[in-house]
Structure formats: structure tokens, C-alpha cells
Amino acid sequence: MVSSSFFLLLAALLGLASWKAIASDPSPLQDFCVADLNSPVRVNGFVCKNPANASADDFFNAAMLDKPRDTRANNVGSNVTLISVLQLPGLNTLGISIARLDYAPLGLNPPHTHPRATEIFTVLEGTLYVGFVTSNPNNKLFSKMLNKGDVFVFPVGLIHFQFNPNPHKPAVAIAALSSQNPGVITIANAVFGSNPPISDDILAKAFQVEKGTIDWLQAQFWENNHY
């Protein structure tokens, strides 16, 4: 008769296998797979460059993440500098990327989600109020005021935000994400600035407001997104 310990071991192995199967990025099957960004071949990710032609520059980007970014380029007062596989081809298949985030006084990185990545977030300067919201039906808000040196995690796919509550001082953070290409969906931009626009009848019913309010919001976000 098969022992219960065998079944426990089998269950553990199946659990591990299923976890690997649903990981954000597939595990590499070689030392590295530098992305060939110019290849016409389309795969889930990017085709590997011939490793014989790889160089140190494929794993390097003079990103100057130590330099402040301009937070005046948008109406929310934040600037995100992402280094993903598109900027650093050596990240291909490695399942990681990094971003610098700059916040003006009262600056906001508005509610958004990364469909392919968990984010671990560290404050380098200033104070930030951050949070994420769980999925339906609970939609529970987990939020925290972070100071310099504090770390917070945003689980994969969940809507999250960061806000600088200080009206006089900027803030800076660094984030690591568990995908070479985490993606980002800014909720308001996607809902009110889609191309073509979502019907105002649909949005008015979804948000339980007048269509005129939806039309005004769509006009604002369309202008910001497409001009």
C-alpha cells in the first residue's frame, strides 16, 4: 500500500509544477537569451539573438537612474522611467525589470495595474502614501504611509497607486517587477481614453452618472492620450 508520505510528496511536486506553469515569465533554458528586437519572428517574448554575437552592451543600459526626471510633463505630477526588455535586451527570459519613479509635491502615480508582474517598491526620498485594492467581491484597500527606506509589495494584477502627500518636497522611489515586460494599464486612461471610445451609454450605466459627465471625461482623457 502506498504510504501517505508518498502522496504528500506527489502533491508537493504537482503544486510546484503548477506554480511554474503559471509564473509571469517562462524560465530560461540557457544562460541567457538576448532579445533580437528586430526579428520578424513573433513568439511569446522575443527571439534569442545568436549567443555568439552577444556582448556586454546587451546587458547594459546607461539609464542614469540616479538623475531626477521631469514631473511636469503630465497633469498628475509623476514620471516613471521603466527599464524593461525593450530598453535592455539582455533581460529577455529573465523575468525581471526595474523602474525609477519621480513625484512632484502632491504628485500622483494614478491607479493602475501590471498584468504580468508583482512589484516590490522602495522609497528613496520623501514620503509616499501607497495602496492596492483586492479583486471582487471584497475590493479591500491595503494602504500605508511610506518613508525613506520603506518597502511595499503590490501583488500581480491588482490595482495600485502612489501619492506624494507633501506639498513642498518631491519624492523618489525605485521598483523591481517580476517580468521582463510587466505592462501597465492606467485605469482612468483605459476606461475614458480608449481608442475607439467605449460607448458613453455603457460607461454611464457602469458608473451610475449622467452621460454628459462621461462625455466630458472622455474628452479630457482623449486629448491627453492621443495628442
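## Basis

Strands (E, at least two residues) and helices (H or I, at least four) are DSSP runs, numbered from the N terminus. This is a predicted model: local features need pLDDT of at least 70, side-chain atom pairs count only at pLDDT 80 or more, and totals for chains, interfaces and linings use all residues. Residues are numbered from 1 along each chain as its sequence is written, and side-chain values use heavy atoms, with hydrogens and water left out.

## Asn109

Asn109 sits in strand β3, residues 108–113. Asn109 has 9% relative accessibility, so Asn109 counts as buried. Buried means under 20% relative accessible area, exposed over 50%, and partly exposed in between (1.4 Å probe, protein chains only).

Contact means heavy atoms within 4.5 Å. Leaving aside residues up to four places away in sequence, Asn109 touches Ser78, Val80, Leu101, Tyr103, Phe161 and Gln162. Phe163 is 54 residues from Asn109 along the chain, yet their C-alpha atoms are separated by 6.3 Å.

## Partners of β3

Two strands pair if DSSP finds at least two bridges between them. β3 and β8 (residues 159–163) run antiparallel, joined by 3 bridges. Leu108 has Phe163 as its bridge partner in β8.

β3 also runs antiparallel to β10 (residues 185–186), with 2 bridges. Here Thr113 stands opposite Ile185.

## The sheet

The open sheet has 5 strands, in the order β6-β5-β8-β3-β10, with antiparallel pairing. β6 (141–146) and β10 stand at the edges; each has a single partner strand, so one side of each lacks a neighbour in the sheet.

β5 (residues 128–133) and β6 run antiparallel, joined by 6 bridges. Val130 has Lys144 as its bridge partner in β6.
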